[in-house]
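These are my notebook entries on a structure that I had not examined before. I set down what I looked up, entry by entry.

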Amino acid sequence: MRQQIAAANWKMNLTLEQGEKLLDEILGKMGNLAANRQAVFAVPFPYLAMARQKTGVRAQVSVAAQNCSNKKSGAYTGEVSVDMLNSLQVSYVVLGHSERREYFQESNQLLAEKLDICLAGNLKPIFCCGESLLIREANTQNEFVGRQLEESLFHLTAEQLQQVVIAYEPIWAIGTGKTASSEQAQEMHAFIRARLAQQYGAGLANEISILYGGSVKASNAAELFGQPDVDGGLVGGASLIADEFTAIIKALR
Ligand code: PEP
């Protein structure tokens, strides 16, 4: 049975003290999760050790980095390697968020390299994909997202793909308060799963968690997560509010 995941993306927000308080509050309120559910906290690099320490050995709770280098080690000032993340027992890495694609020119090819280095180090990628408003208005979102999958993911073996979580995040819905309707989300998630099935077979495609991201809130999470191919959410703004994110975790199927 595939995992249902609520992943918080704190982005470049909060001081250490604020992050500690937020995490304490959510961990205190969320209760224990069933075996098919997970809460993941993608926190800024300087807070990874704190988050690991607070989440400890709690079942079904993991910590993620928001990015990593495509290089193994060496003279790359300011970069953070997979080995460094492993030494902190981080479980996941968010890759290809639209903000990284847009502001740091991350291409599908660079992301393919990052996927390879993460998987070689047993770090699970949360691979983000999704189209801009212009592409949605031209109704070419399937071709666009299909290409993102082909160019970054489809060189992976079936065994490697099994470790990947996909997050569909339409750019026009990120941080805008404009959520894709549950029908729009389901339609794209079904398309992504169908492409995975074509490439890797239906059995494997059925095992991959596909999260929706884009203005997920406590008030819309249950409807989005109720769609058959939506396996939870990657949440920005609402993950910074303890009651909101706790309710989103509780809305997982
Ligand atoms: C995100 O950061 O991935 C995101 C979806 O942000 P928000 O929930 O604020 O739209």
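**Entry 1. Terms and basis.** I call a residue buried under 20% relative accessible area, exposed over 50%, and partly exposed in between, with a 1.4 Å probe and protein chains only. The model is predicted, so I kept to its limits: local features need pLDDT of at least 70, side-chain atom pairs count only at pLDDT 80 or more, and totals for chains, interfaces and linings use all residues. Residues are numbered from 1 along each chain as its sequence is written, and side-chain values use heavy atoms, with hydrogens and water left out. Helices (H or I, at least four residues) and strands (E, at least two) are DSSP runs, numbered from the N terminus.

**Entry 2. Helix α7.** I began with α7, which covers residues 141-152 and has 12 residues. From its first C-alpha to its last, α7 reaches 17 Å, close to the 16 Å expected at 1.5 Å a residue; the expected span is 1.5 Å times one less than the number of residues. Which residues of α7 are buried? I found Gln141, Val145, Gly146, Gln148, Leu149 and Ser152. Seen down the axis of α7, these buried residues fall within an arc of 155°, so they line one face of the helix. The arc is taken from the directions from the helix axis to the C-beta atoms.

I then asked what the buried residues of α7 pack against. The partners are the helices α4 (98-103), α5 (108-120), α6 (133-137) and α9 (182-200), together with the strands β5 (124-129) and β6 (165-168). Contact here means heavy atoms within 4.5 Å.

**Entry 3. Salt bridges.** Side chains of opposite charge can pair when their charged atoms come close. I counted a salt bridge where a side-chain nitrogen of Lys or Arg is within 4 Å of a carboxyl oxygen of Asp or Glu. By this rule I noted 15 salt bridges.

I looked up arginine 136 with glutamate 131, whose closest N and O atoms are 2.9 Å apart. Arginine 136 counts as buried at 15% relative accessibility, and glutamate 131 is buried at 0%.

A further salt bridge joins arginine 195 and glutamate 150 at 3.1 Å, N to O. Arginine 195 lies in helix α9 and glutamate 150 in helix α7, so the pair ties together parts that are 45 residues apart in sequence. I noted arginine 195 as buried, at 15% relative accessibility, whereas glutamate 150 is partly exposed at 39%.

Arginine 253 forms a salt bridge with aspartate 231, with the closest N and O atoms 3.5 Å apart. This pair links distant parts of the chain, 22 residues apart: arginine 253 is in the segment after α12 (242-250), and aspartate 231 is in the loop between α11 (218-225) and β8 (232-235). Arginine 253 is partly exposed at 37%, while aspartate 231 is buried at 0%.

**Entry 4. The largest pocket.** I searched a 1 Å grid over the protein atoms alone; a pocket is an open set of points where a 1.4 Å probe fits, with protein on both sides within 12 Å along at least five of seven lines, and its lining residues have an atom within 4 Å of a point. The largest pocket has a volume of about 460 Å³, the volume being the space filled by probe spheres set on the points. I found it lined by 14 residues, of which Lys11, Met12, Gln66, Arg100 and Phe104 lie nearest its centre. The largest share of this lining, three residues, comes from α4.

**Entry 5. Positive phi.** I checked asparagine 139, a residue other than glycine, and noted a positive phi near 60°. Asparagine 139 is in the loop between α6 and α7 and is exposed, at 56%. Serine 215, also not a glycine, has a positive phi of about 55°. Serine 215 lies in the loop between β7 (210-213) and α11 and is buried, at 16%.

**Entry 6. Two separations.** How many residues apart along the chain are leucine 110 and glutamate 151? I noted 41, with their C-alpha atoms separated by 9.7 Å. Leucine 110 lies in helix α5 and is partly exposed, at 23%. Glutamate 17, in helix α1 (residues 16-30), is exposed at 64%. Glutamate 17 and tyrosine 47 are 30 residues apart in sequence and 9.8 Å apart in space, C-alpha to C-alpha.
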